[in-house]
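Work through the following exercises with the sequence and the structure open beside you.

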Amino acid sequence: MKNPGRYKCGICEQGSMPDNGNNLNRRQLLKYSAFASAGGLSAFAGCSNNGGSSGSGGSGGSNGSVSIDFASNWKQRRTTSLDEWKLSDRQAVPDANKQGSTDAWKQSKSVKSAPWQPPKGWEDSAAADVDSIQVLNFGSLDYDPATVATYAMFEDRTGIKIDPLELVVDQAIPKETAFLKAERSSPQAFEVVTTSSFSSFADAGYLANLDALMPKDEMWDTYQPVTKPTSTWNNHVYTCPAYLEASLVHVRPDLLKEQGVPENSRKAILDGSWTWDDLEAAMKAFEGTGTYAWAYRGGSRTYTLRDFEKMFYQAGGTFYENGKVKVNTDAGYAAVEKMVEWRNKGWVPNEVVSYGQGDLADGFLSGQFAMVPVYGDLVSKALAKYEKGTEYQPTLSPKGGSSTPNPTRAGIASPTGISINVNASESQKAAAMLFGDALLSESSQWWEFVVEGNQSFSKSVYDEASQAGVAEFADIRGKQMTLNQAEVFPQERPIKQHVSQQVQKAIAGDLDPKKALDQAQSFINTILGQ
């Protein structure tokens, strides 16, 4: 699980690689070396970019005209099975205290046996001229074992070293803006919050075009529904999946029973068929007990927005439709009005106005809340404290209530992608796209889900983890992931910040719910000129 708040450092620009005149020899060496097992050149599909500077990095030995056919054998490279990649091999990972080490992962059977290989012919491409690429990572790699495993697999198969630049996310986004505006060529690749700054970066021309990674529509089918809409902008690919977090509802069945939640509502909650009506029945049962059936976060720019988004989608809302962004809709009003109503009735703690990132999880683990709608990384912590089944289980998100316009069972997804700096050299872009191909592999996504505890972009990972019995509640987590929503729209970061501020005012009682969203809409109309 990502823990980006624990690491701080500064931007350091990577110097350009000298052209030492040995490019041909290097390619010949790669062609016959152990890690270039993919074979000869199979295609000449153009390595596209969106028209930015070629940058000063890289060897300068190739203009990128000989490129990589990412469609060649894509299923064999990016997907696998328990028959092909044996469970015993997958589980042969480094000891926990060594999982932040690329070298330890390279020596592991898990990486050595992973089926991903670079596309055929890559060693004849511009990527073969590159010795290393710098990749900006959100947070310390000590907390990202799956990322380190993918680095190791990529380095092992290609000989191209990953030079990580580790930055806490709140520092990383403004730093990314700064080096992209300055047209620096490094870092060559960097993580992007796809439902925040992605659209602005793409509109500004900062991101290299990655259409060559996904040239066939069928290539998207192996991934979660949120993958394509959060990897593309204006019908072009500008980022590839890195890691995925998403909401889930965590439940204390014993507390629901102890407080006398009606049997029909309790059953619906546990089997995932519930609605806001069942949620309110549970809230009412907890009145005056000092504990609560539910809570949300009303005092955080990021987390208030997330909890509003869940309810907005469950009420049938959508932010971006027919080229316009709109929040003051029936679904938007229903979401904010319920948040305010529940606080006014005492069905959630009065203190939700100050709740932020960890308050719901902490309250759940302390027994203050019977249910909380937070990300799936709470599963392992809850199982360490409560007995599986009787005292803890996750469930699907509730549908919006009977009064909502078009109720759904959606939660939210928070994808993070890897984009490529448009100012990198053509050879560095090609090498970074090879790294993107490794991230798209089921091997990488297996490590994300099973080793690190994030969600997986790969659909089959949930089925295989469930079949092998190596991840708790893999079935329910996989099902919820297919229901979760994520949208990309213009000026997303400032719009979401403003919407969150308005929702917080409504929750605190400083602004009428309808007026809060109307004011947010006025801001949106102004910033987008719609």
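**Exercise 1. Locate asparagine 234, and decide whether it is buried or exposed.**

Solution. In this predicted model, asparagine 234 is placed in the loop that lies between β4 (232-233) and β5 (236-237).

**Exercise 2. Describe the loop between α7 (169-181) and β3 (189-193) through two of its residues, glutamate 183 and proline 187.**

Solution. Begin with glutamate 183, which is found in this loop between α7 and β3 and whose phi is near 60°, a positive value in a residue other than glycine. With a relative accessibility of 55%, glutamate 183 counts as exposed. Then move along to proline 187, which lies in the loop between α7 and β3 as well, and examine the peptide bond that joins serine 186 to proline 187: this bond is cis, with omega about -5°.

**Exercise 3. Find which strands pair with β11 (residues 413-420), and state how its residues are directed.**

Solution. Next comes β6 (240-251), which pairs with β11 in the antiparallel sense over six bridges, and here the bridge partner of glutamate 245 is serine 414 in β11.

For the directions, recall that in a regular strand the side chains alternate between the two faces of the sheet. In β11, Ala413, Pro415, Gly417 and Ser419 point one way, while Ser414, Thr416, Ile418 and Ile420 point the other way, and all are buried. The strand is thus mostly covered, with eight of its eight residues buried.

β6 also pairs with β9 (371-375), again in the antiparallel sense, over five bridges, and histidine 250 stands opposite valine 372 in β9. β9 is mostly covered too, with five of its five residues buried.

**Exercise 4. Work out where the buried residues of helix α10 (residues 263-271) lie around its axis.**

Solution. The first step is to list the buried residues of α10, which are Ser265, Arg266, Ala268 and Ile269. They cover an arc of only 165° around the axis, which puts them on the same side of α10.

The next step is to ask what covers the buried residues, and the answer includes β6, α9 (253-258), α11, β9 and β10 (393-395). Just after α10 comes glycine 272, which takes a positive phi of about 85°.

**Exercise 5. Check the span of helix α13 (residues 330-344), and describe its surroundings.**

Solution. At 1.5 Å a residue, the 15 residues of α13 should span 21 Å, and this agrees with its end C-alpha atoms, which are 21 Å apart. Eleven of these 15 residues are buried, so α13 is largely enclosed by the rest of the structure. The buried residues, among them Ala331, Tyr333, Met339 and Trp342, pack against α11 (276-285), α12 (301-314), α20 (492-507) and α21 (513-528).

Now consider α20 in more detail. The axes of α13 and α20 are 9 Å apart, and the two helices pack at an angle of about 35° in a right-handed crossing. Val336, Met339, Val340 and Arg343 in α13 meet Val503, Ala506 and Ile507 in α20. Beyond the helix, α13 is followed by glycine 346, whose phi is positive, near 80°.

**Exercise 6. Decide whether glutamate 464 is buried or exposed, and name the residues it contacts.**

Solution. Glutamate 464 lies in helix α18 (residues 459-468). Its relative accessibility is 9%, and because buried means under 20%, glutamate 464 counts as buried. When its neighbours within four places in sequence are left aside, glutamate 464 is in contact with Thr80, Ser81, Leu82, Arg90, Glu442 and Trp446.

Methods
Residues are numbered from 1 along each chain as its sequence is written. This is a predicted model: local features need pLDDT of at least 70, side-chain atom pairs count only at pLDDT 80 or more; totals for chains, interfaces and linings use all residues. Side-chain values use heavy atoms; hydrogens and water are left out. Helices (H or I, at least four residues) and strands (E, at least two) are DSSP runs, numbered from the N terminus. The expected span of a helix is 1.5 Å times one less than its number of residues. Buried means under 20% relative accessible area, exposed over 50%, partly exposed in between (1.4 Å probe, protein chains only). Contact means heavy atoms within 4.5 Å. The arc is that of the directions from the helix axis to the C-beta atoms. Two strands pair if DSSP finds at least two bridges between them. Axes are lines fitted to C-alpha atoms, for helices over the stretch in contact, and angles run from 0 to 180 degrees between N-to-C directions. A crossing is left-handed if the near helix is turned anticlockwise from the far one by less than a right angle, and right-handed if clockwise.
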